[in-house]
Every structure is written in structure tokens, then in C-alpha cells.
Amino acid sequence: MKDKKFNTPNIRFGIPNIAAKLPRFWNFRIPIFGGIYMGGGKFIVVSFSTIAIGFIASLFVLINSGEQQITFPMLGAQYTAPSMVGNNIVDREFPADRSQTLQINMPANLRLDLVSFKNINLGKQGLTDAFQIAGTSTSDVITIETATIKNSSFPTMDWANGNIYTVNATSSVIAAGHTFSPTMASSTNDVVIGSGRGATSYIAENMTVDRILLLQSTTGGDVVIENLILDNVHAWVGAFNADYFEVGTLILENIRIGDDGDINSADLVINSSVSVNTVNDGVQEEPIWIR
């Protein structure tokens, strides 16, 4: 008697070439397993290649939907020193607009080596200040060994509620009226900052910004900055304002200040709330109007 033969029919499933239509992240081949053997025949339960392709597709969506990390000096952000990673901010004056503010929040007892801004264009209609330096009170101030402002222009500049050991305003400073009426005090401290080793620096160059804010963010001590430099920083609207500070030497060199062309109204002001040891006033007055 002849043996009977039984043939198991072959079942084939077509798998579309999905991988060919997806972006190539890595240059390797995904192994395709034919199936799982059960009994005497071949039965395809699942395609491991499909699982791998699904994983890659999910990774692609995740990468593309993730937000870019904000790092200094990206705009529309605030940075809590000494960190270089920032957070998005919304300007209270223009909540519907995307912010172009650059803000550094400085907690008490922070030490910074250099804060420098070079080749910066400032200003937006409706903002009060284009550049602001502000401590929190007379007992918690931003302490700067040397503050240098050169080759720059602002509609107005105002210094109040602070101490400056020496003011050097050279004859290259032109203002549409100026008033230096500080309280002269020989007891004003000369600021000397020791080693900047380990201290952070913030440097921004070649930018267009609505405004720059340097703000002390907590109480309980001073913020210490060895050098603050503004070089070729220009604002067409908005003031330069400094409050609650202590500066060793303030250098004003080759700057233009004026918002009305009237030399009889002071646009460059050091108020009586500022105590100063020495003033070298070489400011020239001309009818300047910054626009």
C-alpha cells in the first residue's frame, strides 16, 4: 500500500516597502524574520521588520516635534545667571507679539567676569527702556568694577540711586543737554574685584534687540560684575536707565545722547541720589535728536 502524502498550502503575504519612503537615519539593514515555525509548516505571526519601521517612524515624529533648547544670546528669553539656558518670556507691554527682549536675571551673591554687548541695535515703540540695569534696593545692588559705554547712542541716559567712585565723561560725549548733580562724597568706595576665576561671562554681538535687561532677581547680597562693556550699542527709542548700583569707574566715551534737540532740557543725567567721589565732566552740548 502506498503512503499517502499531504501537502500544506503555502500562504504568502505581501508587505509594502514602507521603509523606502521614510527618511534614512542610519545606514543599516533591518533583518526581516520570515515567521515562526509551528508544527510541520511555516506560519507568519508578525513581521519584526514592521515593528522596527514603526519605531523609527515614531522617533522621527518625536525629533521633529521637540522644541529647540534656548541658549544665550537667543532672543525672547530670560536667563538666570550663571546658566546659559533660558526660558521663553512674554513682554507685558505686547503680550500678543513674539518677544525680542534679552533679559539676564542675576541672583544675590552672583559673580560675573564680563558682561559685554557689541554691535547691537535696540528699540521698539512703546517700550520705556531700551537698556536697563537694576538692583533691588540700596542694600542689594549690582556692583561693577568698571562700566564702559563707548561708540553708542541713546535718546536719554539716567543714573539714579547708586554710588560711583569715578565718572570719566570725555569730550567725545555729545548730549542735547546734560545735568551732573550727584552728591559728592569722599566716603564713596572704589570698587576692586579680585580674581574672576570660575566666574561666568555673558557676551552678545551683532544683534537686533527690542531691549536688554540686567536685573537683580533676589535679595540678600550684591551681584558682582568685574567688567560691563557696551560698544557700538544704539537705541532709536527707549531710555538707558540704571538704578541701585555701585560702580568703581564709569567711562563714557564717544557717545551721543538726545531725544529732542533741545540743550536746555537735560537728556544725560546723573541724579543727586547718586554719590560720587570724583567727576571728570567733558560732555559737549549740541542739539542732538536720536531717531
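Trainee: Where do I start? What is the mean pLDDT of the chain?

Mentor: Start with confidence, since the model is predicted. The mean pLDDT of the chain is 85. Of its residues, 77% reach 70 or more.

Trainee: Which stretches have a pLDDT below 50?

Mentor: The general idea comes before the case. Where pLDDT is low, the predicted coordinates should not be read in detail. Here, residues 30–48 have a pLDDT below 50. In the model that stretch has 17 contacts beyond near neighbours in sequence. Residues 58–65 also stay under 50. For them the model has four contacts beyond four places in sequence.

Trainee: Next, the overall build. How many helices and strands does the chain have?

Mentor: One helix and 19 strands. Look at the contacts too. Take those in the chain with a separation of 6 or more: 88% of them come from residues 24 or more positions apart.

Trainee: How much of the chain is buried?

Mentor: Buried means under 20% relative accessible area. Of the 291 residues, 42% count as buried. The accessible surface of the chain comes to about 16300 Å². Carbon and sulfur atoms hold 52% of that surface.

Trainee: Show me a covered strand. How many residues of E5 are buried?

Mentor: Six of its six. Now check the strand face by face. On one side of E5 sit Thr101, Gln103 and Asn105. On the other sit Leu102, Ile104 and Met106. Both faces are covered.

Trainee: Which strands does E5 pair with?

Mentor: For pairing, look at the bridges between strands and at their direction. Strand E3, residues 77–80, pairs with E5 in the parallel sense over four bridges. Ala77 has Leu102 of E5 as its bridge partner. E5 is also joined to E14 by six bridges, and these two run parallel as well. There, Ile104 has Leu214 of E14 as its bridge partner.

Trainee: Which strands are joined to E15 by bridges?

Mentor: E15 spans residues 223–235. Ten bridges join E6 to E15, in parallel. Arg111 is bridged to Val224 in E15. Strand E8, residues 142–154, is joined to E15 by nine bridges, again in parallel. Thr146 has Asn227 of E15 as its bridge partner.

Trainee: Now charges. How many salt bridges does the structure hold?

Mentor: Four. To read one, find the two side chains, then ask where each sits in the chain. Arg211 and Asp91 meet at 3.3 Å, N to O. Arg211 is in strand E14, residues 211–216. Asp91 is in the loop between strands E4 and E5.

Trainee: Which other salt bridge does Arg211 form?

Mentor: One with Glu93, at 3.0 Å, N to O.

Trainee: What is the partner of Asp97?

Mentor: Lys124. Their closest N and O atoms are 3.3 Å apart. Asp97 is in the loop between E4 and E5. Lys124 is in the loop between strands E6 and E7, 27 residues away. Asp97 has 37% relative accessibility, so it counts as partly exposed.

Trainee: One last case. Glu246 is charged. Where does it lie, and what does it touch?

Mentor: Glu246 lies in strand E16, residues 239–257. It is buried, yet has no salt bridge. The nearest side chain of opposite charge, Arg111, is 12 Å away. Beyond four places in sequence, Glu246 touches Val141, Ile142, Thr143, Ile144, Asn163, Asn189 and Val191.

Notes
Residues numbered from 1 in each chain as written. Predicted model: local features only at pLDDT ≥ 70, side-chain atom pairs only at ≥ 80, totals over all residues. Heavy atoms only, no water. Buried < 20%, exposed > 50% of the residue type's maximum accessible area, 1.4 Å probe, protein only. Contact = heavy atoms within 4.5 Å. Pairing = 2+ DSSP bridges. Areas by Shrake-Rupley, 256 points an atom, 1.4 Å probe, with all protein chains shown as cover. pLDDT = per-residue confidence, 0-100.
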